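Reader: I am new to this structure and would appreciate a guided look at it. Could we go through it together, one topic at a time?

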Amino acid sequence: MQLKSFVLFALSVASFVVAVPNAESKRQAVPLAAVYTTCVKPRTIAFTFDDGPHIYNYDILEALKKVGAKGTFFLNGNNWNCIYDLDQTVRNIHSEGHQIGSHTWSHPNLKTLKTKEEIIAQLQPVDDALMKIVGVKPAMMRPPYGEYNDMVRAVAASRGQSLVNWDFDSGDSIGLPLKDSVAAYDALLKSNQSTIIALNHETSQTTAQKLIEDVMPKFKAAGYTLDTVAGCLGLEPYQNVGIPGTRDASWTCTNGPK
Ligand SMILES: [Zn+2]
């Protein structure tokens, strides 16, 4: 190798060596939120309920109580209902020891949002509402439709939240008939899967009044623990726990993002 080409070779190696740590440290500078799709505690199932607070919440809480289970509720700020109008429902969930997570303010597909600010605008007001109503800041959020990208994960991480999806879908959001949802749960039970995060919707009357009453006792009888997502992951459900506020003019959904 001639001197000139050796120097060029050495320089290119040097720049390569230098370039790699730089790229690495740049990547590490933006932490991405963890995405959980399955639990870790053996023989545990986390029943999750999205899109509330909703009028069927009462039935779900009754069904959970009956079987001695804890559930997880991913709440919207203003989707089917305004969270401030159903504040007592949120208090009921919390006081009965279930977990509350965020499901964004108005349920957009977060992948379609163009800027970090738009994503923050979907997360911040939910956290504010939960702090006002029950005094908690959730450590977990479920992206609507289970859809996310790296920008969503980066924003969630910067807000101290991890993402929670699922590894079993009851099919209630696509209008699966009750018998088919029951059959899906029965097949799941038969598969003997060790840990499960099950997707359900608080807004489905069938789920609230029939489906979970049918299937939850079967899992209980098979020796499963019916726990929250935080419980079955061994994580904290909330970043902050404080004192709830009292209703004032800020308890409104009129200022939230559409
Ligand atoms: Zn949803």
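Reader: To begin, how many helices and strands are there in the chain?
Author: The chain has eight helices and eleven strands. Please bear in mind that this is a predicted model.

Reader: What share of the residues counts as buried?
Author: Of the chain's 258 residues, 46% count as buried.

Reader: And among contacts between residues at least 6 apart in sequence, how many join residues at least 24 apart?
Author: Among those contacts, 80% join residues at least 24 apart.

Reader: Let us turn to the metal. Which residues are the protein donors of the zinc ion?
Author: The protein donors are D51 through OD, H103 through NE2 and H107 through NE2. They lie 2.0 to 2.1 Å from the zinc ion. Along the sequence, the spacing of the donor residues is D-x51-H-x3-H. The pair D51 and H103 links distant parts of the chain, being 52 residues apart. D51 belongs to strand β2, residues 44-52, whereas H103 sits in the loop between β4 and α4.

Reader: Is D51 buried or exposed?
Author: D51 is buried, because its relative accessible area is 9%, and the cut-off for buried is under 20%. H103 is buried as well, with a relative accessible area of 1%.

Reader: What is there to say about the phi of D51?
Author: D51 has a positive phi of about 80°, although it is not a glycine. Most residues other than glycine have a negative phi.

Reader: Is N192 buried, exposed or partly exposed?
Author: N192 is partly exposed, with a relative accessible area of 48%.

Reader: While we are on the backbone, which peptide bond is cis?
Author: The bond from G52 to P53 is cis, with omega near 0°. Most peptide bonds are trans. P53 is found in the loop between β2 and α2.

Reader: Now the helices, please. How do α2 and α7 pack?
Author: Helix α2, residues 57-67, and helix α7, residues 205-221, pack at an angle of about 20°, and their axes are 9 Å apart. Angles under 35 degrees count as roughly parallel, so α2 is roughly parallel to α7. Their crossing is right-handed.

Reader: Which residues make that contact?
Author: From α2, the contact involves D59, I60, A63, L64, K66 and V67. From α7, the residues are A208, Q209, I212, E213, M216, P217 and K220. By class, the contact of α2 with α7 has eight nonpolar, one polar and four charged residues.

Reader: And what about α6 and α7?
Author: The axes of helix α6, residues 178-191, and α7 come within 10 Å and cross at roughly 20°. These two helices are therefore roughly parallel to each other. The crossing of α6 and α7 is right-handed.

Reader: Which residues of α6 and α7 make the contact?
Author: On the α6 side they are L178, S181, V182, Y185, D186, L188 and L189. On the α7 side they are T206, K210, L211, D214, V215, K218 and F219. The classes in the contact of α6 with α7 are eight nonpolar, two polar and four charged residues.

Reader: A change of topic: where does C253 lie?
Author: C253 lies in the segment after β11, which covers 238-241. C253 is buried, with a relative accessible area of 9%.

Reader: What is C253 in contact with, leaving aside its neighbours within four places in sequence?
Author: C253 is then in contact with G77, N78, C82, I83, Y84 and W105.

Reader: How far apart are K114 and M151?
Author: They are 37 residues apart in sequence and 9.2 Å apart in space, taken from C-alpha to C-alpha.

Key
Residues numbered from 1 in each chain as written. Predicted model: local features only at pLDDT ≥ 70, side-chain atom pairs only at ≥ 80, totals over all residues. Heavy atoms only, no water. Donors = N, O, S within 2.8 Å, 3.2 Å for Na, K, Ca; no water. Helix = DSSP H or I, 4+ residues; strand = E, 2+ residues; numbered from the N terminus. Buried < 20%, exposed > 50% of the residue type's maximum accessible area, 1.4 Å probe, protein only. Axes fitted to C-alpha atoms, helices over the stretch in contact; angles between N-to-C directions. Parallel < 35°, antiparallel > 145°, perpendicular 65-115°, else oblique. Left-handed = near helix turned anticlockwise from the far one by under 90°. Contact = heavy atoms within 4.5 Å. Nonpolar A, V, L, I, M, F, W, Y, C, P; charged D, E, K, R; others polar.
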